[in-house]
Amino acid sequence: DSWNIKGFGVGIERVVEALKSAFPDRTIIQFDGDSLTSKKAQREALRAYAEALSPILVGTDLILEYPNLRAPLAAIVHLDNMFTHEDYRVPERIWNIVQSLREHGEQLYIQTFLKEDRIWKHCLTESESSLLQEEREGRRDAHLPPFVHVIQISSPTVSPIGIRLIR
């Protein structure tokens, strides 16, 4: 009954433990690649979710592989770690995760400590075109693809030895 979400550390197991403690009368289903190592196990978990009364499904991005999965509420917890990746495609990846989860739930909650980041403005307005335009301009200014050619030089006996940007 609170909007305040407390961090429990990285790892789905800790979230599942906390939910089992907080909701002992609910069915909690863990849905991730480590606990469900086959398609059969994933289908069984989805069947248990569909058959349970008021279940809670806790999962990783593996959930996104099941577009027909629906829930009254979806939440993204600990997405902030994506902002630390040194990859110029992070905003697009975040956009895709948010849009995919919007399709899975009637309501979507996102826990973030970076609420002023520009990506949230685009997600709130569902403005993909403005996000892509802003990303394109930023990439042009930073000389990132598609505004440069990236060439990888490799040796047959050694893995990649260098990357050179050509403008």
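Two residues are in contact when heavy atoms of theirs lie within 4.5 Å. The structure is a predicted model, in which local features need pLDDT of at least 70 and side-chain atom pairs count only at pLDDT 80 or more, while totals for chains, interfaces and linings use all residues. Residues are numbered from 1 along each chain as its sequence is written, and side-chain values use heavy atoms, with hydrogens and water left out.

**Exercise 1. Pro 72**

Task: State where Pro 72 lies, whether it is buried or exposed, and with which residues it is in contact, leaving aside its neighbours within four places in sequence.

Solution. 
- Step 1. Pro 72 belongs to strand S3. Helices (H or I, at least four residues) and strands (E, at least two) are DSSP runs, numbered from the N terminus.
- Step 2. The relative accessibility of Pro 72 is 52%, so the residue counts as exposed. The classes are buried (under 20% relative accessible area), exposed (over 50%) and partly exposed (in between), with a 1.4 Å probe and protein chains only.
- Step 3. Once neighbours within four places in sequence are set aside, Pro 72 has contacts with Tyr 49, Glu 106 and Gln 107.
- Step 4. For Glu 106, which is 34 residues from Pro 72 in sequence, the C-alpha to C-alpha distance is 4.9 Å.

**Exercise 2. The overall arrangement**

Task: Give the order of the elements of the protein from the N terminus on, and the percentage of its residues that count as buried.

Solution. 
- Step 1. The protein contains five helices and six strands.
- Step 2. Their order from the N terminus is α-β-α-β-β-α-β-α-α-β-β.
- Step 3. Of the 167 residues, 29% count as buried.
- Step 4. When contacts between residues at least 6 apart in sequence are taken, 55% of them join residues at least 24 apart.

**Exercise 3. Asp 32**

Task: Locate Asp 32 and decide whether it is buried or exposed.

Solution. 
- Step 1. Asp 32 lies in the loop between S1 and helix H2 (39-51).
- Step 2. With 3% relative accessibility, Asp 32 counts as buried.
- Step 3. Beyond its neighbours within four places in sequence, Asp 32 is in contact with Ile 12, Thr 60 and Leu 62.
- Step 4. Gln 42 is 10 residues from Asp 32 along the chain, and their C-alpha atoms are separated by 8.6 Å.

**Exercise 4. Backbone features**

Task: For Glu 126, His 143 and Pro 146, name the loop in which each is found.

Solution. 
- Step 1. Glu 126 is in the loop between H4 and H5. Although not a glycine, Glu 126 has a positive phi of about 50°. At 51% relative accessibility, Glu 126 counts as exposed.
- Step 2. His 143 is in the loop between H5 and S5. Its phi is near 55°, a positive value in a residue other than glycine. His 143, at 35% relative accessibility, counts as partly exposed.
- Step 3. Pro 146 is in the loop between helix H5 (128-142) and strand S5 (149-153). The peptide bond that joins Pro 145 and Pro 146 is cis, with omega about 10°.
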